[in-house]
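Hi,

Here is the structure I promised to pass on. Have a look at it first, then read my notes below with the model open beside you.

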Amino acid sequence: MRDTIYSQDQGPVKDFTFDQSVVEVFPDMIQRSVPGYSTIISTIGKLASQYHRENSYIYDLGCSLGAATLSIRKNITEKNCKIIGVDNSEAMVEKCKLHLHAYKSDVPVDVVLGDIQDIDIQNASMVVMNFTLQFIEPEQRLALLEKIYQGLNPGGVLILSEKIKWPDEHINGAINELHLDFKRANGYSELEISQKRSAIENVMKIDFEQTHFERLQNAGFSSVGKWYQCFNFCSFLAVKS
């Protein structure tokens, strides 16, 4: 279904939530809003083929409809690997389960309804947070990354995808405008863009790129690199020694 959630004037715009209305249009919404999303998803699968290990868990934290989970699942070759997807939206979890059932695989997947900050992470060869950390309160982000680090096995990796901002106002403004042009080219009106911005500004709090690097290093990751960027969307690879 096409995303038309903000196509009509809503007056006071409510904070964005991943409710049933968003779930129904989410694939269209994210493809038209996040440049390079398909590349990120397919590459997460390729990274999984490199880093997953026999007899380990792979966690997709904030799994939404399971796009990253499916990409990982298609690339697993080692024995006794299990994927655990977690999301706090009941509507997302139920639709995710339907998507996963539509693709036959011998790789087991559990989709859990819950807060990713409460999930016990253990024996992990890979953890994915695909545009999820930005919805966690900033003061709680380091503790979550530390928990992930502790749950990863040596050689395990965290894939962290996020929208970012720049400290230089001119650069930030220029790149934001490129993103807005991307959304306009994908059919979003000025009203839709404006109302979506109002809905999400209180619930999605983005960081500087340097903040991500420093936080990942403070969490314990010795090797941290950015493997993808398009405009103000990027993805990091962090490896536990």
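Let's start with S89, which touches F18 and L113 when residues up to four places away in sequence are not counted; contact here means heavy atoms within 4.5 Å. S89 sits in the loop between β2 (82–87) and α4 (90–101). Helices (H or I, at least four residues) and strands (E, at least two) are DSSP runs, numbered from the N terminus. With 7% relative accessibility, S89 counts as buried. For that word the cut-offs are: buried is under 20% relative accessible area, exposed is over 50%, and partly exposed is in between (1.4 Å probe, protein chains only).

Before you go further, two things about how to read all this. This is a predicted model, in which local features need pLDDT of at least 70 and side-chain atom pairs count only at pLDDT 80 or more, while totals for chains, interfaces and linings use all residues. Residues are numbered from 1 along each chain as its sequence is written, and side-chain values use heavy atoms, with hydrogens and water left out.

Now the strands. β2 is mostly covered, as five of its six residues are buried. Strand β1 (residues 57–61) runs parallel to β2, and five bridges join them; two strands pair if DSSP finds at least two bridges between them. Within this pair, D60 stands opposite G85 in β2. Y228 has S235 in β8 as its bridge partner. β7 and β8 make a hairpin with two residues between them, and F231 in the turn has a positive phi of about 55°.

N55 is not a glycine, yet its phi is positive, at about 60°. You'll find N55 in the loop between α2 and β1, where it is partly exposed with a relative accessible area of 43%. N80 also is not a glycine and has a positive phi of about 60°. Its loop lies between α3 (67–74) and β2, and N80 is exposed, with a relative accessible area of 58%.

On to the inside of the protein. A nonpolar core is a set of buried Ala, Val, Leu, Ile, Met, Phe, Trp, Tyr and Cys residues joined through side-chain atoms within 4.5 Å. The largest one has 48 residues, and I44, I72 and M126 touch the most other members. Helix α2 (residues 37–51) gives the largest share of this core, seven residues. There is also a second, separate core of 27 residues, which includes Y59, L61, V86 and C234.

Which residues does M126 contact, leaving aside its neighbours within four places in sequence? They are I44, L47, A48, Y57, I58, Y59, L152, V157 and I159. L47 is in helix α2 and is buried, with a relative accessible area of 10%. Not counting residues up to four places away in sequence, L47 touches M126, I159 and W227. L47 and N75 are 28 residues apart in sequence, and their C-alpha atoms are 8.7 Å apart in space.

How do helices α1 (residues 20–33) and α6 (residues 169–185) pack, and at what angle? The angle is about 135°, with their axes 8 Å apart. That makes α1 oblique to α6. Axes are lines fitted to C-alpha atoms, for helices over the stretch in contact, and angles run from 0 to 180 degrees between N-to-C directions. Angles under 35 degrees count as roughly parallel, over 145 as roughly antiparallel, 65 to 115 as roughly perpendicular, and the rest as oblique. Where they meet, Q31, R32 and S33 in α1 come up against H179, F182 and K183 in α6.

Last, the cysteines. A disulfide is a pair of cysteine sulfur atoms within 2.5 Å, and by this rule the count is zero. C96 is buried, with a relative accessible area of 0%. C230 is in no disulfide either, as the nearest cysteine sulfur, that of C234, is 11 Å away. C230 is partly exposed, with a relative accessible area of 23%.

Happy exploring!
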